[in-house]
Amino acid sequence: MQDILSRPEVQGALPFVVALVVGLLVKPTGAVWSAAGMIAGFIAGVLLINGLQFEPMTATRKIIVCGVSAAVIGAFFSTGKKAGKLVSLLLVAISVAAYVWVFWTLLKRADGNKMIMLVGGGVYTFWLVAVVHGLRKEPLQAGAASVALGAGTGFAAILGASALLGQLGLTIASASGAVLLLALIWSDMRIEPLMTFPVALVVGLLGTGGMVLAKLPWIALLVLAFVPLAARIPLPDGYPRILKTILWVGAAMVVAALAILSVWLLMEESGY
Amino acid sequence: MKRAIIVVTIGVFPVSMALADNYTIDPGHTYPSFTINHLGFSTMAGKFDSTTGAFTYDPAGKSASVEVTIDASSIDTGHDKRDDHLRSPDFLNVAEFPEITFKSTNVGWGGEAPSSIDGDLTILGVTQPVSLAVTGVNCGEHPFSKKWTCGFDANTTVKRSDFGVNYGLPAIGDELTLHFEVEGQKDE
């Protein structure tokens with residue numbers, strides 16, 4: 001059983017399946033809750049990759065804790081009517097606290113280039129949180145951005161930093177893919193901060209982690225920062241939902257692919 | 001009689017402790033190295049290029065101790081890309097855990113020389129007790145510097161999973177054999 005669960009194709013597919021099943025099961029409880037499938041899929045992926053081991057509490061494990069905590073916070077801000085800009089500011093403020101906690105070990109002794117990278121990673125993370133939050137009322141665009149951010153971060157990290165960080169990014173992509181599929185099927189489905197906040201925060205932290213804990217080139221993050229913008233490309237209202245989804249996913253994935261390509265070109269031959 | 005034994009014990013013990021000489025590890029001749037099974041095909045070797053520390057040694061009083069601090073980022077397996085990966089969060093996570101340390105807690109003696117060193121090994125911030133087998137201790141005047149110099153070899157086998165280094169298990173071996181070649185010069 002352990003052999004099967006450790007296979008990359010299983011680790012890649014399981015978050016999708018779990019997110020899809022949970023999304024289907026919770027849909028009757030309210031249109032907003034299907035996005036919780038993404039969290040379930042992420043947790044399933046984490047259990048395969050990291051297990052329940054949280055000692056020592058490394059930055060990578062803190063990112064996992066942040067992801068789950070962000071889902072709870074996102075769920076709170078997904079219900080009822082709340083002022084959009086105020087929520088956006090609050091989420092960015094929470095992201096700052098999460099960022100400092102995750103990278104505290106590095107922040108307290110960073111100097112020169114490392115500090116510049118940490119500041120840059122912070123700006124990247126907070127940018128993603130703010131911009132992806134702007135897509136919370138657009139399930140197809142939020143889903144497209146989430147899939148592309150997860151895939152872009154995941155493959156870039158595998159090529160340029162760490163397989164562990166990469167696997168977590170791909171888990172986000174896989175689980176987000178299931179939610180996107182549900183959003184395509186159900187036009188009344190809502191994404192809300194329940195999904196946009198944890199996705200943006202985790203992807204931002206993973207990308208920064210790849211840069212400051214390993215050797216992910218900063219240019220990859222610069223390119224990935226444009227993924228949510230690509231998913232916002234205006235399309236004619238008359239286009240069928242399936243066509244819109246393909247175009248938004250395609251645009252976001254092209255940008256993600258450019259980030260992966262930049263890492264590929266900058267890194268030396270990786271086989272060993 | 002009892003009082004006499006106590007007096008002798010108290011009197012001798014500090015003297016033997018006081019006789020232990022202090023040595024500073026010579027980074028140029030101290031290279032902790034390791035071997036690990038690679039995908040079941042071969043045994044791969046690597047070493048750490050930067051190590052500091054100190055030891056005390058008193059063969060007459062049969063007392064010794066050692067403390068070693070290894071710069072985890074100095075890992076060297078002869079392949080830059082692999083070394084980068086070994087420094088990443090998948091393995092040694094050197095950005096967060098820049099040091100690997102060993103601190104002795106007890107030295108076992110077999111005859112005139114140490115035969116084992118028990119101590120605490122810390123990797124990734126996780127400390128585990130380990131026991132090193134000492135395979136040789138040699139002291140003498142250094143032929144070039146003319147300083148009194150001692151060196152020893154020691155080795156042990158640990159499970160990297162005990163320290164939370166789990167990436168690639170079981171394909172990449174869990175058992176990690178550590179070799180310490182240590183040389184130090186007596187403090188003046």
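## Exercises on a predicted two-chain model

The side chains of B:D84 and A:K215 meet in a salt bridge, 3.4 Å from N to O. This is a predicted model, in which local features need pLDDT of at least 70 and side-chain atom pairs count only at pLDDT 80 or more, while totals for chains, interfaces and linings use all residues. Residues are numbered from 1 along each chain as its sequence is written, chains are lettered from A and ligands numbered from 1 in the order in which they are written, and side-chain values use heavy atoms, with hydrogens and water left out.

**Exercise 1. State where B:D84 and A:K215 lie and what their pair joins.**

Step 1. Start with the rule: a salt bridge is a side-chain nitrogen of Lys or Arg within 4 Å of a carboxyl oxygen of Asp or Glu. The pair B:D84 and A:K215, at 3.4 Å, is one such bridge.

Step 2. Place the residues. B:D84 lies in helix α2 (residues 80-87) of chain B, and A:K215 in the loop between α10 (192-212) and α11 (218-224) of chain A, so the pair joins two chains. Helices here are DSSP runs of H or I with at least four residues, strands are runs of E with at least two, and both are numbered from the N terminus.

Step 3. Check the cover. B:D84 has 22% relative accessibility and counts as partly exposed. Buried means under 20% relative accessible area, exposed over 50%, and partly exposed in between, with a 1.4 Å probe and protein chains only.

**Exercise 2. Find the count of salt bridges over all chains and describe the pairs A:R190 with A:E192 and B:D49 with B:K47.**

Step 1. The count over all chains comes to 8 salt bridges.

Step 2. In chain A, the closest N and O atoms of A:R190 and A:E192 are 3.1 Å apart. A:R190 is partly exposed at 37% relative accessibility, whereas A:E192 is buried at 3%.

Step 3. In chain B, B:D49 and B:K47 form a salt bridge with their closest N and O atoms 2.5 Å apart. B:D49 is partly exposed at 34%, and B:K47 is partly exposed at 32%.

Step 4. Look for shared partners. Salt bridges that share partners join A:K137, A:R190 and A:E192 into one network.

**Exercise 3. Describe the fold of chain B and the pairing of β9(B), β10(B) and β11(B).**

Step 1. Chain B has 2 helices and 11 strands. From the N terminus on, the order is α-β-β-β-β-β-β-α-β-β-β-β-β.

Step 2. Strands β9 (residues 126-141) and β10 (residues 148-159) of chain B run antiparallel and are joined by 8 bridges; two strands pair if DSSP finds at least two bridges between them. B:G140 stands opposite B:T149 in β10(B).

Step 3. These two strands form a hairpin with 6 residues between them, and B:K146 in the turn has a positive phi of about 65°.

Step 4. β10(B) is also joined by 11 bridges to strand β11 (residues 172-186), and the two run antiparallel. Here B:A154 stands opposite B:F180 in β11(B).

Step 5. Of the 188 residues of chain B, 41% count as buried. Among contacts in chain B with a separation of 6 or more, 55% come from residues 24 or more positions apart; contact means heavy atoms within 4.5 Å.

**Exercise 4. Is helix α9(A) largely enclosed or open?**

Step 1. Helix α9 (residues 163-185) of chain A has 23 residues and reaches 33 Å from its first C-alpha to its last, close to the 33 Å expected at 1.5 Å a residue. The expected span is 1.5 Å times one less than the number of residues.

Step 2. Of its 23 residues, 18 are buried, so α9(A) is largely enclosed by the rest of the structure.

**Exercise 5. Which residues are in contact with A:V102, leaving aside neighbours within four places in sequence?**

Step 1. A:V102 is found in helix α5 (residues 84-102) of chain A, and A:V102 is buried, with a relative accessible area of 0%.

Step 2. With those neighbours left aside, A:V102 is in contact with A:A59, A:K62, A:I63, A:C66 and A:L205.

Step 3. Turn to A:L229, in helix α12 (residues 227-230) of chain A. A:L229 is partly exposed at 35% relative accessibility and touches A:W127 and A:V131, not counting residues up to four places away in sequence.
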